[in-house]
Amino acid sequence: MSFEYITFKSVPEGAILESLLLLHKNIFGESDNLIKDMESKSNILILAAINDSKVIGYKIGYDLDHTKFYSWLGGVDNHFRKHGVGSKLMETQHQYLKENGYKIVQTKSMNKWRNMLLLNIKTGFDVVGTELDKNGEIKIILEKPL
């Protein structure tokens, strides 16, 4: 399978945004504040994998400072998992970050997102700490030098 990958440096509009919101809701259960949250981030970067004009995977992040980038949200539609979409989105994000002077990419995950946690570790991320989220659940903090 071949997919189209598109990079946005701001919140996309129209059908792409609606499709992204729907996918986010399907994966995480809600998307009510996502647009507002994306608009509030500094130097947001949104990568989308498209199949038949539909977002089937995405990766969203923003800069923490001029050398550290936070890879914030992402996911792949269940029907398109195991086709390398998540890996390609991560690879594309990291290449963009290198080309734009970032030195470190940080992300956070949880044990319930094991596939993402394993992908991060397999691609060079190190566990650098943990924190409790607002619900008291443990988040695993990972970083990777670029």
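Is I35 buried, partly exposed or exposed? With a relative accessible area of 30%, I35 is partly exposed (buried means under 20% relative accessible area, exposed over 50%, and partly exposed in between, using a 1.4 Å probe and protein chains only). The structure is a predicted model, so local features need pLDDT of at least 70 and side-chain atom pairs count only at pLDDT 80 or more, while totals for chains, interfaces and linings use all residues. Residues are numbered from 1 along each chain as its sequence is written, and side-chain values use heavy atoms, with hydrogens and water left out.

I35 sits in helix α2, which covers residues 34-39 (helices, H or I with at least four residues, and strands, E with at least two, are DSSP runs numbered from the N terminus). Leaving aside residues up to four places away in sequence, I35 touches L17 and L21 (contact means heavy atoms within 4.5 Å). Y62 is 27 residues from I35 along the chain, and the C-alpha atoms of the two are separated by 14 Å.

Next come the salt bridges (a side-chain nitrogen of Lys or Arg within 4 Å of a carboxyl oxygen of Asp or Glu). The count comes to four. One of them joins the side chains of K54 and D77, at 3.6 Å from N to O. Because K54 lies in strand β3 (residues 54-63) and D77 in the loop between β4 (68-76) and α3 (85-99), this pair ties together parts that are 23 residues apart in sequence. K54 is partly exposed at 39% relative accessible area, whereas D77, at 10%, counts as buried.

Another salt bridge pairs E143 with K68, and here the closest N and O atoms are 3.0 Å apart. This one links distant parts of the chain: E143 belongs to strand β7 (residues 138-145) and K68 to strand β4, 75 residues apart. E143 is buried, with a relative accessible area of 17%, while K68 comes out as partly exposed at 22%.

E131 and K108 also meet through their side chains in a salt bridge, at 2.9 Å from N to O. Strand β6 (residues 126-132) holds E131 and strand β5 (residues 104-109) holds K108, so to speak two distant parts of the chain, 23 residues apart. Both partners are on the partly exposed list: E131 has a relative accessible area of 30%, and K108 has 26%.

Now for the helices. The axes of α3 and helix α4 (residues 114-122) come within 11 Å and cross at roughly 45 degrees (axes are lines fitted to C-alpha atoms, for helices over the stretch in contact, and angles run from 0 to 180 degrees between N-to-C directions). The two helices are therefore oblique to each other (angles under 35 degrees count as roughly parallel, over 145 as roughly antiparallel, 65 to 115 as roughly perpendicular, and the rest as oblique). On the α3 side the contact is made by G86, S87 and M90, and on the α4 side by M116, L119 and N120. These residues split into three nonpolar, three polar and no charged (Ala, Val, Leu, Ile, Met, Phe, Trp, Tyr, Cys and Pro count as nonpolar, Asp, Glu, Lys and Arg as charged, and the others, Gly among them, as polar).

N120, found in helix α4, is buried, with a relative accessible area of 2%. Not counting residues up to four places away in sequence, N120 touches M90, T107, F125 and L142.
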